[in-house]
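Let's take a friendly walk through a protein model together. Keep the picture open beside you as you read.

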Amino acid sequence: MDYPTQDMVIIDKMPDQWRKDNQLPEQWRKDNQLPVVDKVFKTKEFIGELLGTFILTVVTKGAVLSLAVGISNGEITVSSAHLPSCLASGLAVMMAILVTGGASGAQTNPAVSITMWAAGKLKFSDLPAYLTGQYLGAGFGAIFILFNFRESLGGVGPENIASFPDLAENMGHLVFDQFLATFLLLSCILAVDDQKHSPPALLVGLSVAGIGLAIGRNAGASMNPALDFMPRLVAAAWDSIEKRELQNFPFTKGGYFWLVPLLVPYLGGLAALLVYKFGIIRLRGPSSEPGEVVFTDQPRKVENGQTNLAFVPDIQKSRHFDGSLCHRPATIY
């Protein structure tokens, strides 16, 4: 009997026949036993989300500060800065996916993770690693980028790494704007993940850039609670340290607007999931037409007639949005 390889199955998921000591090689057991910390807290996913969100924050906020300095010096106008800012955001998403997609799926956004959990693509026990990594990654990224631009902050202020109302001022309008932006983002992500569009990293990045170009002037189209809140918090702390007194301007500018990008993206993501599930999946039956997705509960076959079980550990927690089993981890890349 051939023994399974390490990437096929983990000790907690293997069939009963492999649990018997007389059939389970000692060396295989040692090689595949998960550390206790990985059973409680997903270390690989945590590091992947931390690094991915760090990259996302550094590139996005670095572009924002660069453009803010240009506007302050009269080199460019606010309108002319809009396009490069949106492109930088899209490229930042693409870079994060390219680097950490294989580790955690490069969700880099708490709203995406909550939506994937609601869709059955993540276990509830996975969320602490994802959310903690995302918020910490955004915080570290904000610290690094403020330090990198420290000589230019006198003219623009650290609060520029947070989003604020621009064209829109009414709170109801701002809530709707953030809801719509996140709804569009998660609709694109769900479609890329479900329909296997390719190249995924580029498509998701371009989606982010497109949404920013369309409605970003209203209030920044943050769409990411971690990417907005943590840089805002770091900016307030940075300003307080520089002036040696408590500064809360990043939280008071725009009234209570800071709550909008912190809370509303979750609602936009869940709404996108409902619309996609009942408006796309339920109305699209299984088909064998070229380019269309055929849902199946059976593992796919690869060369030499072998069954691809490379992601067996994720089978019980990873499903398509119509409920059928998905033989790969939840990912947006």
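Asn224 is found in the loop between helix H10 (200-219) and helix H11. Is Asn224 buried or exposed? With a relative accessible area of 3%, Asn224 is under the 20% cut-off, so Asn224 counts as buried. Bear in mind as you read on that this is a predicted model.

What does the side chain of Asn224 reach? At 2.9 Å it comes to the backbone oxygen of Thr108. A polar atom of the Asn224 side chain also lies 3.1 Å from the backbone nitrogen of Ala226. Setting aside residues up to four places away in sequence, Asn224 touches Leu56, Thr108, Asn109, Pro110, Pro261 and Pro265.

**The whole protein**

Now step back. The secondary structure comes to 13 helices and 0 strands, and the pattern along the sequence is α-α-α-α-α-α-α-α-α-α-α-α-α. The protein has 333 residues, and 47% of them count as buried. Among contacts with a separation of 6 or more, 75% are between residues 24 or more positions apart.

**Two helix pairs**

Two packed helices are described by the angle between their axes and the distance between the axes. Here are two pairs to find in the picture.

| Helix pair | Angle between axes | Axis distance |
|---|---|---|
| H7 (residues 127-148) and H11 (residues 225-243) | about 45° | 8 Å |
| H9 (residues 171-195) and H13 (residues 259-281) | roughly 45° | within 7 Å |

Take H7 and H11, whose axes pack at an angle of about 45°. That angle makes H7 oblique to H11. H7 passes H11 in a right-handed crossing. On the H7 side, the residues that meet H11 include Gln134, Tyr135, Ala138 and Phe147. On the H11 side, the residues that meet H7 include Ala226, Phe229, Met230 and Trp238. The residues of this contact between H7 and H11 divide into 15 nonpolar, 2 polar and no charged.

The crossing of H9 and H13 is right-handed. By class, the contact of H9 with H13 has 20 nonpolar, 6 polar and 1 charged residues.

Asn218 lies in helix H10. Its relative accessibility is 16%, so Asn218 counts as buried. Which residues does Asn218 touch, beyond those up to four places away in sequence? They are Pro165, Asp166, Leu167, Ala168, His173, Leu174 and Asp177. Asn218 and Pro165 are 53 residues apart in sequence, with their C-alpha atoms 6.2 Å apart in space.

Phe41 sits in the loop between helix H3 (36-40) and helix H4 (43-72). The relative accessible area of Phe41 is 27%, so Phe41 is partly exposed. Leaving aside neighbours within four places in sequence, Phe41 is in contact with Phe46, Pro128 and Ala129. Phe41 and Pro128 are 87 residues apart along the chain, and their C-alpha atoms are separated by 7.5 Å.

Definitions and conventions. Residues numbered from 1 in each chain as written. Predicted model: local features only at pLDDT ≥ 70, side-chain atom pairs only at ≥ 80, totals over all residues. Heavy atoms only, no water. Axes fitted to C-alpha atoms, helices over the stretch in contact; angles between N-to-C directions. Helix = DSSP H or I, 4+ residues; strand = E, 2+ residues; numbered from the N terminus. Left-handed = near helix turned anticlockwise from the far one by under 90°. Nonpolar A, V, L, I, M, F, W, Y, C, P; charged D, E, K, R; others polar. Parallel < 35°, antiparallel > 145°, perpendicular 65-115°, else oblique. Contact = heavy atoms within 4.5 Å. Buried < 20%, exposed > 50% of the residue type's maximum accessible area, 1.4 Å probe, protein only. Polar contact = N/O pair within 3.5 Å; in protein donor to acceptor, adjacent residues only side chain to side chain.
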